[in-house]
Amino acid sequence: MLSRDIRSSFLDFFKKYDHLVLPSFSLIPQNDPTLLLIGAGMAPLKPYFTGEKIPPNRRMATCQKCVRTPDIERVGRTSRHATFFEMLGNFSFGDYFKDEAIAWAWELVTKDYNLPEDRLYVSVYREDDEAYDIWHKKIGIPEKKIFRLGKEDNFWEIGPGPCGPCSEIYYDLGDKYGCGRPDCEVGCDCDRFMEIWNLVFTQFDRTEQGEYIPLENKNIDTGAGLERVAVVLQGVGNLFEIDTVRPLLDHFCGAAGRDYGRKAEDDVSLRIITEHLRGICFMTGDGIMPGNEGRGYVLRRLLRRAVRHGRLLGLDEPFLYRAVPLVADLLGDPYTELVKGRDHIANVIRLEEERFFETLEQGMRILDELVGQSRSGVFSGEAAFRLYDTFGFPVDLTREILAERGLKLDDEGFRAALEAQRERARSARGSVTAARDDSAWQDIRGLDTKFVGFEGHSAAAKILALLRGGRRVASAMAGEEVEVVLDVTPFYAERGGQAGDRGRIVTQGGIVVVTDTVLTPAEQIIHRGRVESGTVSAGEPADAAVEHAYRGAICRNHTATHLLHRALREVLGGHVRQAGSLVAEDRLRFDFTHTSAVSAAQLEEVERRVNSKIWEDMEVRISVVSLDEARDMGATALFDEKYGDQVRVVSISDYSMELCGGTHVTSTGQIGLFKILSETGIGAGLRRIEALTGQGAYDFLAGRNKVLEQAAQLFRAPAEQLPEKLSEMSRELKDLQRENQRLQLKLAAMEVDSLLERVQLEDGVPVLSARVSAGNMETLREMADRLKNRLESGVIVLGAAAGGKVLLVATVTPDLVKAGYHAGRLIGEVAALTGGGGGGRPDMAQAGGKNIEDLDYALSQVNNFVRSQKK
């Protein structure tokens, strides 16, 4: 049975029993800070298990893509371990429990999958008598085929959250896959008994403190690894031989010129490359980029581990990315993101491979040297950090290589070196964050401010508290810097990339000019400013008003980022995702995922599309809905953003829909104009666009036009003819430069005869050192060559002053090179006397210097330097 049929049979089976079948969720957890990646079928459904959310159906079934790395060192060395896998699962949220879960699992395995009962075994948690009795008394499994196992094996939990005892179904692959021990049975670590299905009876909710609290409603969470089921149903020995994996393995065998099954070490590397690429493709397809932290680090670790094993097979240039189309062909149904994002996935992988290959060989050489020097059996943590920081070796990769060679890593030393680097980075950034954290904001905790800035730009308020110099005060006078807390405010506090509002707070006794609005770590709104006149006091009423023009400019820029995001996805591809932004009064900045520089033509098209939508004057609508509703609507969300149950959806007609908590215009026409200033790279796979809107865009273009008009006046030509005029001038300049060079060479040739008269003998060696007129190094070399051709034997050193610096050339004839004279060493000594340096071959060398005033003295020392080279 093919993998696609295994998948569809499973989902169809549970659909028959009234389960809602859902597509796989992203590998990136949504609103779950306890997980880096989805590693189980139930992980995206945790809110339904805990009762935090009401499920759309109390019975569900999925085939969930998963990445899990705790057993990464065993991948490729066993028949069953993998970092990426598809998890078939059926779930019950307070509906059916153990009786139905066990009965349906047995029916599917023995009837639909038609597995022989005599090859099947089960396990239960040692304290779960209920599950044991169901298997034995209701299903009819003999007691000798039911195994009670401990918590490590038969109690399911991944961090805090739903958990409980479990029961597993095993398939006996036969003696040839066993360890040969007479006590080999279910629970043995060999490959004979393969677990194909895990039934988790979710009865508890584990807290952060490790307590197990009974769930109000008992739930069912099952997981059958599709690859393991395929191993059994396809009659192969391991997951690397199933229909969705073996073609990839064969591809890498061909690329490396190796035969699978011939050499154990090669097989391990081939398996690792094959297995890791699957997870790499899925992670990249879900928008994860290689990095040094979090999910990005997991991706980088997998990718660079695969590259290292490719190198062991003799693959010395990027090779993983070439197999992306094959992965898409094998798994593109039902995972269409692999097909749609094929080019992007390949580009991300290729760039990461290229970066690691640049340093891999040198890093491995240094690692080998350091390993050879290690005498204690412990590898220096500081050295491991250098490999990580300079050569891009994930510390886990270094640890694995060391383990292969019988060494341990000094983890404490590595952590100390890493923390020292972080501390240096913190010091370099300065104390801005520290200053913010050191303020007396803890004194005002509990004071809440209602934000009304979406409804208007002004509000009647009351001053709840004043802070001056980090201390809470009763009042503040003219000229003093203050932080103000209001009960109600129209001021938007800086967050989500949007700058904080400016404006005025007016009381009966004084006026505060607000220059910035920020959030405290406790998310309280703080108005920072200066008392412009009078005295303001805590407790008095106030009129708070945002600066209308300032807010308007920010709104234009913010809505423009949404248009820009959509236009980039249209022009560059659906892989583009927002990676950060800045929305200020005077500009906008948008960071996004993309693997190469955006071409001028692409930027022009993006800009054209944004302006087109501006001029269509599209309506901008704001709606507040549940997070699930927003996703159902198709709203774009930031993966790393934590959202509440209720979210704001910003819709620009039917063109763009994003979750956003910022302020916006009410129609795109209010933006007026959009102009891209620059597009640059800011990291691996990350690009940045800076742009202007409205008045800023107009002023920029007006300034450009003024410069154009000035240039047109200088050239006495219409502006539209300037490109042609400049091209003509450039050609004329090049012609003049060539003529100038020709004349300099002619003058140099005339100077050669007079220079030959200045040759001196130094211990029988003809030596010529002279200061000449040469406008560039090319002319100086031409003179030296002419002199060398005229001398049968000799050492020549010429110097010139050009462009505010010293130029030096030395030549030595072949007979004197054989005698031990060296132009490179000679020119280095002369250049040093002019504050410069250089070198070259024994027969010819050139150098430069800084101090023109020292040139004559330096040339006067040439004879001494020649004398010192005599053997």
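Which element supplies the largest share of the lining of the second largest pocket? It is E8, with seven residues.

## Basis of the model

The model is predicted, so local features need pLDDT of at least 70 and side-chain atom pairs count only at pLDDT 80 or more, whereas totals for chains, interfaces and linings use all residues. Residues are numbered from 1 along each chain as its sequence is written, and side-chain values use heavy atoms, with hydrogens and water left out.

## The second largest pocket

The second largest pocket has a volume of about 1,300 Å³, a volume being the space filled by probe spheres set on grid points that are joined across faces, edges and corners. A pocket here is an open set of points on a 1 Å grid over the protein atoms alone, where a 1.4 Å probe fits, with protein on both sides within 12 Å along at least five of seven lines; lining residues have an atom within 4 Å of a point.

The lining comprises 42 residues, of which Arg 68, Asp 71, Glu 168, Glu 195 and Arg 228 lie nearest the centre of the pocket. Among the elements that each supply at least two lining residues are E3, E8, E9 and helix H6 (226-233); helices (H or I, at least four residues) and strands (E, at least two) are DSSP runs, numbered from the N terminus.

## Strands E3, E8 and E9

Strand E9 (residues 212-225) runs antiparallel to strand E3 (residues 84-93), to which five bridges join it, and Ser 92 stands opposite Ile 220 in E9. Eight bridges join E9 to the antiparallel strand E8 (residues 193-206), where two strands pair if DSSP finds at least two bridges between them. Asn 198 stands opposite Gly 223 in E9, and in the hairpin of E8 and E9, with five residues between the strands, Gly 210 takes a positive phi near 90°.

## Salt bridges

The count comes to 54 salt bridges, each being a side-chain nitrogen of Lys or Arg within 4 Å of a carboxyl oxygen of Asp or Glu. In one of them, Arg 77 pairs with Glu 404, the closest N and O atoms being 3.7 Å apart. Arg 77 lies in the loop between strand E2 (59-67) and E3 and Glu 404 in helix H14 (residues 395-404), so the pair ties together parts that are 327 residues apart in sequence.

Arg 350 forms a salt bridge with Glu 354, with closest N and O atoms 3.2 Å apart; these two residues are four apart in helix H12 (residues 342-373), which means that about one helical turn separates them.
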